[in-house]
Amino acid sequence: MGGTLGKRGVHTGDPGGAHKGDLGSCTWEAGGAHLGGTPRGLGVAPGGLHTLRGGCSWDPRDAHTGGLQVGLHVGVPLPHAWGCWGVSAPCIQQGHPQCACHEPVCNWEAAGGVPRVGPGRPPTLTLCPQWPYCRKHCSYCSFNKYVVPAVDEAAVRACLVREARTLLRLGGVQSVTSVFFGGGTPSLASPHTIAAVLEAAAEAAHLPAGAEVTLEANPSSASPTRLAGFRAAGVNRLSVGVQSLDAAELRLLGREHTVDEARAAVEAARGLFPGRTSIDLLFGLPGQSLEAWARSLEAALGLCDDHLALYQLTLERGTALEARVRRGALPTPPQDLLADMYHTARAVLAAAGFRQYEVSNFARKGALSTHNLSYWRAEQYVGVGPGAHGRFVPWGEGSQQREARVQTPHPDAWMREVQSRGHGTRRRVALSPLEQLEELLALGLRTDEGVTQQRWGRFSPQLPLRAVFGGPGEAMALQQQGWLLLDGRGLRCTPEGLAVLDSLLPALLCQLQRTAGTGGRGTEDAGGQGQEAAGAQGPEAHGGQGMEAAGRQDTEAAGEQGTEAGRGHGP
Amino acid sequence: MALGSRAASWWARLLSPGPGVVPRGPPAWLAVGLAACRRPYSSGGKEKIDMSTYPVESIRNFSIIAHVDHGKSTLADRLLEITGTIATTDRNKQVLDKLQVERERGITVKAQSASLFYNHKGVKYLLNLIDTPGHVDFNYEVSRSLSACQGVILVVDANEGIQAQTVANFYLAFEAQLAIIPVINKIDLKNADPERVEKQIEKLFDIPVNECIRISAKQGTNIEKVLEKVIEKIPPPSFNTTDPLKALVFDSTFDHYRGVIANIALFGGEIEKGHKIVSAHTKKRYEVNEVGILTPNEQPTDKLYAGQVGYLIAGMKEVTEAQIGDTLFMHKQPVEPLPGFKSAKPMVFAGMYPVDQTEYNNLKSALERLTLNDSSVTVHRDSSLALGAGWRLGFLGLLHMEVFNQRLEQEYNMSVILTAPTVPYKAILSSAKLIKEYGKAEITIINPAQFPDKLSVSEYLEPTVLGTIVTPQEYIGKIIVLCQDRRAVQKDMLYIDEHRVMLKYLFPLNEIVVDFYDALKSLSSGYASFDYEDAGYQAADLIKMDILLNGNPVEELATIIHCDKAYATGKFLCERLKDAIPRQLFEIAIQAAIGKKIIARETLKAYRKNVVAKCYGGDITRRMKLLKRQAEGKKLMRKIGNVEVPRDAFIHVLKRQPDK
């Protein structure tokens with residue numbers, strides 16, 4: 001994936017032999033639950049062998065659940081010379097026009113060993129493969145999904161596998177902590193495809209045996225046989241798209257399953273994935289009454305396992321349902337009714353022993369989805385598949401800057417790109433340290449734990465949470481009004497505040513921008529270089545994909561050429 | 001006030017898009033052999049017309065007056081054609097309605113004049129067509145233009161008949177004791193009923209039926225007859241070349257290269273290059289650089305003589321130096337100034353702000369350039385906490401305001417926020433302390449913040465206008481209700497024929513400045529016409545109304561209104577604000593108050609739930625964009641107590657609703 005491959009063709013070289021980095025100085029796990037002590041290997045160098053010394057555990061998670069394999073991982077030599085990640089960063093700094101892996105001066109050891117910048121090399125990430133196909137369009141759905149007569153599953157599978165491999169290596173992580181198959185309707189894929197992607201993940205990084213692997217399933221493609229197949233493929237958690245337990249509502253939503261099918265699917269799932277089955281429900285449908293919603297909830301409680309996701313219906317532009325409401329054919333649900341529905345659901349689920357660990361997610365007996373939590377904790381994730389989104393540091397490229405990435409939305413275009421260059425990244429935007437903090441805030445406050453002091457400190461070691469929000473200002477006023485709490489644990493919403501979070505966030509962002517703007521030098525350090533990541537400057541170099549690239553404002557640097565050029569013009 | 005647009009006029013197709021632009025090509029009717037387009041001023045090298053060959057006996061000075069869209073410009077075109085005026089001079093004419101706004105609206109804002117040469121019964125005549133602005137907002141300018149004339153052509157549409165503006169224009173001419181030639185236009189139309197219109201003219205204006213000329217300006221029918229009547233019926237000016245110079249300034253324009261070009265009518269004496277002249281109004285002295293006639297572009301001549309009409313360039317730098325109605329005379333030969341001069345008096349005020357404050361300087365320079373050509377707009381710097389830095393502009397009337405705004409947008413590409421118009425109120429002070437402070441007992445109030453308390457005032461005054469409405473009779477009932485609702489007092493009601501009625505009402509000006517014309521047009525399906533003239537001030541029970549958000553007054557929403565209208569206006573403002581202010585974390589009381597008394601209230605409920613339901617991988621980027629935009633917006637919000645009011649909400653409430 002590095003900048004050199006396009007021009008140099010096959011590169012099997014070793015950028016200077018085995019690298020020995022002393023990561024004892026790494027502050028990655030600052031204040032986190034450090035379970036280290038064991039030297040852990042770092043197994044992603046291509047053709048090289050990196051050993052680590054010192055006590056850094058590399059584990060980003062607050063609660064380490066263990067199970068990580070320890071030892072040396074030997075990177076798989078790639079057919080294309082991806083492996084100059086350790087070299088290119090110092091090379092850029094020295095202003096080389098090209099990353100010349102062969103030059104000793106670019107050897108990272110020669111340049112001072114492990115880059116000392118920021119939080120260090122992020123060790124884990126989560127994987128989000130997307131299956132973009134559906135059998136039918138639902139009336140409310142605005143996702144990137146396609147209904148096609150026939151899917152060339154073998155081709156899609158090969159591309160998913162290949163892109164997963166490319167991007168995981170680019171992420172340069174030690175292990176994948178969870179996988180979530182989304183879509184589309186991933187339960188339409190064959191278990192074989194699911195297995196292939198998981199194998200690829202295990203191969204490219206490391207997929208611990210206990211890692212959460214969730215599959216979204218529609219009741220219409222969740223027969224016990226299929227579900228058993230998915231379990232055999234490695235899936236260990238199921239999220240069933242029930243949406244409603246009312247026949248009329250299901251028709252309004254354009255779902256292809258019946259209430260009975262939904263019930264049967266959930267029961268089958270619970271049998272196969274006991275304690276790890278979730279169901280999705282929608283509320284706030286046009287014409288839905290508070291009573292109807294309360295009845296649905298009751299029915300759902302009788303059916304569900306230990307995890308529920310309750311989503312207020314968002315009428316997205318471009319959907320059939322939204323058009324009907326806009327035309328006046330269906331009523332707009334009144335604001336106050338939606339609030340009543342939401343508060344009713346919270347009360348009913350609390351009484352049934354559920355913890356609302358996020359705005360729309362409820363769990364009991366500790367059945368939280370670690371995958372979803374990782375989004376709200378602003379951890380790294382790699383999106384694979386058409387239209388998938390990702391957030392990670394392309395460490396494998398030598399960058400230390402977190403990027404927002406989007407894959408090409410249309411499956412055919414995406415496949416062509418993956419086939420020609422190993423991935424279909426359509427857009428990559430470097431996230432500035434401030435932007436990372438903004439995301440952390442906006443996402444973290446959605447959870448009941450909020451943004452913890454430790455997590456904040458990891459993104460912003462120089463400017464602690466209290467320095468930003470502790471003084472007089474918006475956060476203090478919101479605390480006094482009872483919407484927010486800031487204490488030793490961190491910053492979080494009160495239950496009342498959570499319901500109106502979207503009114504709190506603009507104020508908090510203002511305060512953050514103000515403080516980080518004046519005293520925020522620390523945050524710059526946290527993110528490494530300036531805002532302009534090398535790759536983000538690349539020209540739109542898509543070759544045959546130029547047409548699809550047109551019209552995007554953000555920098556496109558998906559192709560190797562783009563990356564190459566970006567480096568050439570880098571700082 | 002919008003007077004509606006008419007179908008693209010003849011000129012619209014021919015004329016270039018705006019002033020200062022080199023015209024695209026010659027008029028279609030001159031197409032043969034015309035190749036070059038020259039700038040209007042490049043008339044050098046041409047043989048100058050000897051104006052001394054036109055003694056006063058062979059001069060006729062006249063105007064065409066008409067209701068909007070009755071065919072004034074088309075008739076003017078025909079007159080220019082038939083006299084060969086355009087064909088014998090430069091081709092690149094941008095005569096009459098040359099502004100985009102004029103062409104779109106079918107109105108004349110900036111008058112243009114033209115000298116026509118015409119042979120009749122072996123005599124060479126010089127006919128000066130003095131154009132006038134077509135609306136009473138420019139009443140004063142119309143009256144000055146008319147004072148340079150001895151007669152008018154009154155054009156009435158054979159289909160629509162007499163309309164409100166026809167009446168207003170007739171009386172202006174009548175009071176100036178001008179000869180009036182009634183012309184019934186558009187007789188080619190299917191629904192034309194010239195007989196009915198002739199009867200209306202007889203009934204209303206006391207002009208015998210047989211004096212009306214039936215024409216079709218569009219088809220050129222009977223145009224010669226109009227010219228004959230002009231020569232026969234309109235008397236020549238009775239001025240002497242041997243008298244001292246006395247010249248009326250009846251219009252002026254600003255040229256970036258040559259300074260002010262003043263249109264003048266000579267009431268006595270003669271004028272030529274090198275003469276030293278003085279303005280009676282400013283007392284400033286100038287040396288004449290150039291004189292000439294308008295054909296309709298400037299064509300220099302050696303001299304101008306008494307009774308003639310033309311232009312003068314004399315080193316004036318600003319249009320305020322050549323004010324309409326001013327008298328020019330020869331240095332050291334002062335004359336009695338011509339009567340009727342007065343400075344422009346704004347009747348309607350509105351705040352103007354750039355949509356984006358970074359555009360302030362651009363807007364400022366656009367305003368400066370536009371007012372160069374329109375000295376009747378008054379400009380005062382103003383600033384609003386909500387809308388930022390801007391200006392309070394005074395206009396002659398509503399149409400004037402609209403035209404000005406439209407010219408800013410069209411000619412200077414400026415997008416502005418124009419607040420709802422207000423009128424200048426007056427107060428007679430009773431408090432000795434305040435009288436001393438102001439130095440006078442009667443003060444004019446433009447800004448509600450300056451509204452003096454009732455206790456220190458013996459009387460408040462509001463401006464009034466006399467409105468004329470001409471309507472088919474079936475709408476009378478609705479129109480009377482509308483007028484009463486606007487606090488108007490009926491002064492006259494006359495059937496001008498068996499179907500049409502003319503109503504006269506005395507209106508408080510503030511009752512018609514916002515939406516009266518639209519209301520009238522919509523309830524009469526577009527058939528009623530309206531015009532008004534200044535009618536002085538009258539005592540009025542005025543009060544200042546405050547708008548409160550959770551008990552805190554919003555300065556920029558305070559208004560001065562008549563006490564009869566307080567409840568309705570208060571309710572309206574509160575409702576509009578409720579729609580415009582986003583819900584917040586707490587309940588907001590929106591109230592209208594007079595002093596301490598609350599007269600209207602709306603309640604904006606607090607948000608109970610607004611957190612977005614889904615926020616996963618793909619949603620995050622979109623979500624962050626929205627949040628950041630909201631955070632940016634928050635920085636621009638105006639805080640009234642703890643209530644955040646977005647600028648858009650002020651715009652929504654303060655902005656004039658565009659006329660439809």
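Strand S12 (residues 290–294) of chain B is largely enclosed by the rest of the structure, because five of its five residues are buried (buried means under 20% relative accessible area, exposed over 50% and partly exposed in between, with a 1.4 Å probe and protein chains only). Strands here are DSSP runs of type E with at least two residues, while helices are H or I runs of at least four, numbered from the N terminus. This is a predicted model, in which local features need pLDDT of at least 70 and side-chain atom pairs count only at pLDDT 80 or more, while totals for chains, interfaces and linings use all residues; side-chain values use heavy atoms, with hydrogens and water left out. Residues are numbered from 1 along each chain as its sequence is written, and chains are lettered from A and ligands numbered from 1 in the order in which they are written.

S12(B) pairs antiparallel with strand S15 (residues 309–313) of chain B over three bridges, pairing being called when DSSP finds at least two bridges between two strands. Gly292(B) sits opposite Tyr311(B) in that strand. S12(B) also pairs with strand S13 (residues 298–301) of chain B, again antiparallel, over four bridges. There, Gly292(B) has Pro300(B) as its bridge partner, and a hairpin of three residues links S12(B) to S13(B).

Elsewhere in chain B, four strands make an open, antiparallel sheet in the order S18-S19-S17-S20. Strands S18 (378–384) and S20 (416–418) of chain B are at the edges with a single partner strand each, so one side of each has no neighbour in the sheet. Strand S17 (residues 348–354) of chain B and S20(B) are joined by three bridges, with Met352(B) partnering Leu418(B).

Over in chain A, helix H8 (residues 290–303) has buried residues Ala292(A), Trp293(A), Ser296(A), Leu297(A), Ala300(A) and Leu303(A). Seen down the axis of H8(A), these fall within an arc of 140°, so they line one face of the helix (the arc is taken from the directions from the helix axis to the C-beta atoms). The face turned away from the buried side of H8(A) carries exposed Glu291(A), Arg295(A), Glu298(A) and Gly302(A).

Ala363(A) belongs to strand S10 (residues 361–363) of chain A and is buried, at 2% relative accessible area. Its C-alpha atom is 4.4 Å from that of His307(A), 56 residues away along the chain. Beyond neighbours within four places in sequence, Ala363(A) has contacts (heavy atoms within 4.5 Å) that include Asp306(A), His307(A) and Leu368(A).
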